[in-house]
Amino acid sequence: MNLGDAEGFELFRDEWGVPHLRAGDASALAYAQGRVTALDRAWQIEVERHRMLGSSAALLGAESLGWDRFARQARLADTARRCYEALDAPTRAWVGAYVDGVNDGLGQPDGRAPEFARAGAAPGRWEPWTPLGVWLSTHVLFAGFPGKLWRDEVVRRLGADAVELFATDGPGTSGSNGWLVAGEDRTLIAGDPHRFIEDPGVYQQIRLACPEFDVVGLAVPGVPGIGHFGHTGGVAWAITNAMADYQDLYRERLRRTGEGGVEALGPDGWRPAHAHLEDGVEVVETERGVVVIGGPDDGEGISLRQPARVYADLGFAALPDLLRARTVADVDRAFDRWAEPVNVVLAADTAGGLLHRVAGTVPVRDPENMLRVVPAWEERYAWRGRYAPMPRAGIGADGVAVMANERSLAASLGIEFAPPHRARRIAALLAGQVAWDADGMAAVHTDTELASAEPLLRLVEELDGLDDDAARLRASLLNWDRRMTAGSVRAAAYARVRSGVVRRLAAHPHFAPLTGLMPAYPEVFRPWLALVPRVAFGLENLLATDRLPYEERLAAVRAALLEVAAEATGATWGELHRLAPWQALADPGAEWPGLDGDHDCVLSTSSVPGVTDLSARGPAARYVWDLARREDSRWIVPFGASGVPGTPHHRDQLPLWLRGELAPVTTDFDRLTKENPVPRTTDATDAPDAAAATVYEQYVEGLGTFRLAPVDPAGDDIDVLHGWVREERATFWGMTGIGRDDVRDIYAHMAGLATHHAFLVRLDGTPVALFQTYEPEADRVSECYEVRDGDVGVHLLVAPAGGAGTVRGFTGALVGVLTSYALDGLGRKRIVAEPDARNEKAIALFSRVGFELAGEIVLPEVKLPEVHLVEKRAQLAFYTR
């Protein structure tokens with residue numbers, strides 16, 4: 001397949017850069033989705049491809065070797081091939097069309113993924129089965145099978161009853177919130193998947209439309225269709241992690257044979273095992289599964305058995321069925337074909353149909369399999385088919401259904417579940433505290449009540465004999481509203497006390513047998529084996545257990561309170577609890593904002609008490625699906641639609657996400673901006689004179705090529721600029737009353753400075769903006785804020801309205817290009833802007849594309865030759881790499 005410009009699909013974008021694709025049939029649409037994903041997320045999806053292949057260290061460095069070893073031992077790529085070959089022919093062709101689009105998009109020489117240059121790499125080629133490998137790699141640890149290693153050690157060292165002390169949704173698993181409200185006039189589905197926050201984001205907002213269907217939703221970059229969260233107009237669905245246990249670990253006895261082979265001891269005695277070397281990694285597979293710990297030279301190992309490999313099924317056949325769904329019954333049938341991961345599903349349609357069920361593949365086996373590592377040579381631990389049908393539930397008489405990873409619908413299928421706090425709080429809010437509309441759902445998304453604080457605060461209340469500082473802290477905590485808001489000093493104090501308690505309990509002699517487990521296991525499994533995080537997320541149980549004497553629990557709380565009281569900082573929770581997203585190529589100089597929320601809040605921005613208050617996991621998206629009017633639906637992601645650093649839509653949604661706001665879901669194609677789906681290569685013939693002096697250029701789909709060239713004081717540039725700066729709208733520039741020669745002198749003077757530079761920006765040869773950069777320490781703005789190394793100041797004057805400036809998305813694209821130049825072209829870390837405080841449109845634009853507003857400043861009065869600049873009030877704004 002080789003579809004292009006007018007050969008099968010159209011590409012539109014909304015004001016947030018979200019791609020809306022329209023094609024003549026489902027195959028052309030799959031191609032279009034693959035192509036636009038490669039253009040928007042090339043670096044991201046190539047990292048995922050390498051992770052699946054076990055070659056990510058080639059891109060990311062030696063720190064990825066642990067994962068790569070696991071990916072090869074687990075045979076992720078081979079499993080993906082098997083699952084692809086087992087697909088029905090129509091689904092296989094549909095996936096193949098998507099891959100064709102990805103390969104064509106990756107082959108475009110438009111330079112939209114600068115990370116490749118930083119990594120010294122180039123995009124590779126996708127195989128037809130690669131999307132299945134991306135899906136498998138993304139979810140292989142989703143069910144948290146390494147937790148069985150932890151429980152095995154707990155049982156062995158502390159006894160079986162100690163397992164419940166740590167049973168919770170811990171740092172190694174992922175969860176979500178989701179809820180459905182069905183009223184007389186309106187039915188809504190809303191929620192937010194909790195995953196590790198990555199930049200670019202793990203979800204891709206997208207719309208897929210053809211004569212068969214028209215779906216908006218959140219896709220996984222690198223995977224066709226819309227699996228987790230979608231709205232077809234007639235029916236909508238959403239999922240959360242069911243917390244089911246569907247992967248097993250077997251303790252294997254292994255030996256080498258005289259012929260160079262490997263054998264494993266099973267219920268029927270010693271049996272041949274598959275073994276081969278792959279780039280220096282020995283890959284061994286027994287009749288149970290792939291060996292991921294140990295090996296023949298150790299005489300033993302631990303093998304992983306997972307449904308995708310056993311049944312050659314990842315559930316991809318469900319994906320095209322979901323796109324074509326018209327009713328809840330259609331969604332239900334599609335999820336009958338779902339395999340991995342195992343999810344709880346909510347769905348509703350415009351005819352009043354409702355659905356609440358579990359979907360996925362869970363094997364039937366001995367209950368002990370779910371708890372710990374089991375011996376491979378005992379027949380009782382063999383799999384005996386799959387659970388069917390999966391659990392279902394009706395919607396309550398109140399019209400409300402909630403899913404938040406708690407022990408409910410999937411209770412019989414798992415061991416560890418999330419505490420019930422989120423589910424209970426959501427239900428309480430929906431019972432009358434919020435309106436059943438998009439704003440009400442957003443209020444639920446952002447609720448910060450921390451019910452899990454109760455056990456610790458109860459012990460704080462019992463403390464006596466404290467010094468004055470500790471007594472004041474005790475009183476402050478007991479009067480705290482138990483909301484983890486970023487601006488709260490009391491929330492921060494609570495968190496610091498909690499961390500102190502966690503560290504002290506982890507150091508308790510009772511848990512000494514559980515220290516030092518991590519070095520005994522591969523690096524990739526260590527998040528499940530660290531004692532301090534396990535204590536942190538099991539704190540409620542540990543503070544109530546009789547296994548630790550009451551006096552010792554109280555002593556830990558007392559010591560933590562005294563420590564925090566003696567080191568009172570006045571810090572707010574947001575100063576401690578900052579966003580810490582994962583980036584494939586990390587930027588060590590990046591400064592991320594503070595966050596509301598905490599692990600057990602509905603706004604679940606997780607930290608690891610006792611280890612760090614930084615948050616690496618939280619709402620990877622938020623959505624509200626309105627069944628009555630799809631155009632009233634809302635969504636948001638932490639960063640933006642683009643995965644390309646510096647582009648206008650790379651982080652433009654971050655300010656909204658931080659505030660808990662939602663962006664509109666645009667469904668009217670007439671309100672979208674149409675783009676040419678085939679990227680153009682740069683053509684220097686657009687403006688020969690400008691090209692010769694160009695310092696930076698960037699092509700933007702649907703608009704053309706932007707070029708920056710230094711202002712020429714002796715040429716026609718001055719006529720252009722004189723016409724712009726003397727207009728009333730340019731009053732802030734202070735040149736409205738001067739003549740052409742004065743403008744020429746100003747820019748001639750600037751051309752001789754090493755600290756200030758002026759550029760005329762052209763779009764396909766037409767002047768569209770004046771852009772100036774300066775060194776902040778050499779400018780009056782330095783008197784208004786603390787200048788950092790790597791700062792660059794900018795001024796921007798857009799050409800008068802008309803021409804390209806009237807095209808939807810122009811100003812956002814322009815700022816994106818200029819941001820790319822300042823950060824990537826100049827190699828700076830932070831951009832400083834100070835637009836006129838009265839220019840609401842400019843300020844809104846800067847905010848929308850990711851600038852952080854930092855308050856108003858008054859610029860000191862300055863005189864330049866021939867120009868008098870009066871004192872001006874400006875809005876200070878920063879954009880950090």
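**View 1. Helices H15 and H16 cross.** In this predicted model, the axes of H15 (residues 454-461) and H16 (residues 468-478) come within 10 Å and cross at roughly 140°. That puts H15 oblique to H16, oblique being what is left once angles under 35 degrees (roughly parallel), over 145 (roughly antiparallel) and 65 to 115 (roughly perpendicular) are taken out. Angles run from 0 to 180 degrees between N-to-C directions of lines fitted to C-alpha atoms, for helices over the stretch in contact. From H15, Leu457, Val460 and Glu461 meet Arg474, Leu477 and Leu478 of H16, contact meaning heavy atoms within 4.5 Å.

**View 2. Around Leu430.** Leu430 touches Trp179, Val181, Val400, Val402, Trp436, Met441 and Val444, leaving aside residues up to four places away in sequence.

**View 3. Two cis prolines.** The Asp199 to Pro200 peptide bond is cis, omega near 5°, and Pro200 sits in the loop between strands S4 (187-196) and S5 (204-210). Glu340 to Pro341 is cis too, with omega near -5°; Pro341 is in the loop between helix H11 (328-336) and strand S15 (343-349).

**View 4. Positive phi at Ala312.** Ala312, in the loop between helices H9 (307-311) and H10 (318-323), has phi near 50°.

Residues are numbered from 1 along each chain as its sequence is written, and side-chain values use heavy atoms, without hydrogens or water. As this is a predicted model, local features need pLDDT of at least 70 and side-chain atom pairs 80 or more, while totals for chains, interfaces and linings use all residues.

Notes. Helices (H or I, at least four residues) and strands (E, at least two) are DSSP runs, numbered from the N terminus.
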